[in-house]
Amino acid sequence: SALPRSEPMDDATRQQLILAAQEARAHAYATYSDFTVGAALLTTEGRFVRGCNVENRSLGLTQCAERVAVGNAVVEGYRDFQALAIASRNGVTPCGACRQVLAEFCEDLPILLVQEEPVPETREVSLRLLLPDRFGRGGP
């Protein structure tokens, strides 16, 4: 069941979201950088939609895990999200392009940054904090 946007995630849902991002990371195609990233979106319907980075020899064509997850969600009919987890070696934040793509669908979004090395830890940020004064659904 979906959580109202105002309610925080419970620990079990949070752990499932983190695990989904970690599982997605295992499928990343990062032949050139060896920097694997997995992402998982939690939809308002309570579904987990995954994405991983897909690199390309022409680096500008590389697809980030977050944008792959958003694309997968749209294909599956989901456009409203409750949270995002991103799993990487060092807990990276989304790039600027991914932040703007997320802003197309969300006014704000809790984002869990999952660091797997050297010591596993997760910190939470928000889309609003990462991308203030962004273009939204209705324009700038």
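In this predicted model, the side chains of Arg50 and Glu23 meet in a salt bridge, with 3.4 Å from N to O, where a salt bridge is defined as a side-chain nitrogen of Lys or Arg within 4 Å of a carboxyl oxygen of Asp or Glu. The pair links distant parts of the chain, since Arg50 belongs to strand E2 (residues 48–52) and Glu23 to helix H1, 27 residues apart; helices (H or I, at least four residues) and strands (E, at least two) are DSSP runs, numbered from the N terminus. Arg50 counts as partly exposed because its relative accessibility is 37%, and Glu23 counts as partly exposed at 36%, the classes being buried for under 20% relative accessible area, exposed for over 50% and partly exposed in between (1.4 Å probe, protein chains only).

A search of the whole structure finds four salt bridges. In one of them, Glu116 pairs with Arg25, and the closest N and O atoms are 2.2 Å apart. Glu116 lies in the loop between E4 and strand E5 (121–126), whereas Arg25 lies in helix H1, so this pair ties together parts that are 91 residues apart in sequence. Glu116 is partly exposed, with a relative accessible area of 21%, while Arg25 is buried, with a relative accessible area of 12%. A salt bridge is also formed by the side chains of Arg128 and Glu107 (3.9 Å, N to O). Because Arg128 lies in helix H4 and Glu107 in the loop between H3 and E4, the pair ties together parts that are 21 residues apart in sequence. Here Arg128 is partly exposed at 41% relative accessible area, and Glu107 is exposed at 53%.

The structure also holds one aromatic pair, which is formed by Phe81 and Phe105 in an edge-to-face arrangement, with 6.0 Å from centre to centre and 65° between the planes. Rings of Phe, Tyr and Trp (its six-membered ring) pair if their centres lie within 6.5 Å, and planes under 30 degrees apart count as stacked, over 60 as edge-to-face and the rest as tilted. This pair, too, links distant parts of the chain, with Phe81 in strand E3 (residues 81–88) and Phe105 in helix H3 (residues 96–105), 24 residues apart. Both Phe81 and Phe105 are buried.

When residues up to four places away in sequence are not counted, the contacts of Leu84 (heavy atoms within 4.5 Å) include Leu17, Ala39, Glu66 and Pro110.

Residues are numbered from 1 along each chain as its sequence is written, and side-chain values use heavy atoms, with hydrogens and water left out. For this predicted model, local features need pLDDT of at least 70 and side-chain atom pairs count only at pLDDT 80 or more, whereas totals for chains, interfaces and linings use all residues.
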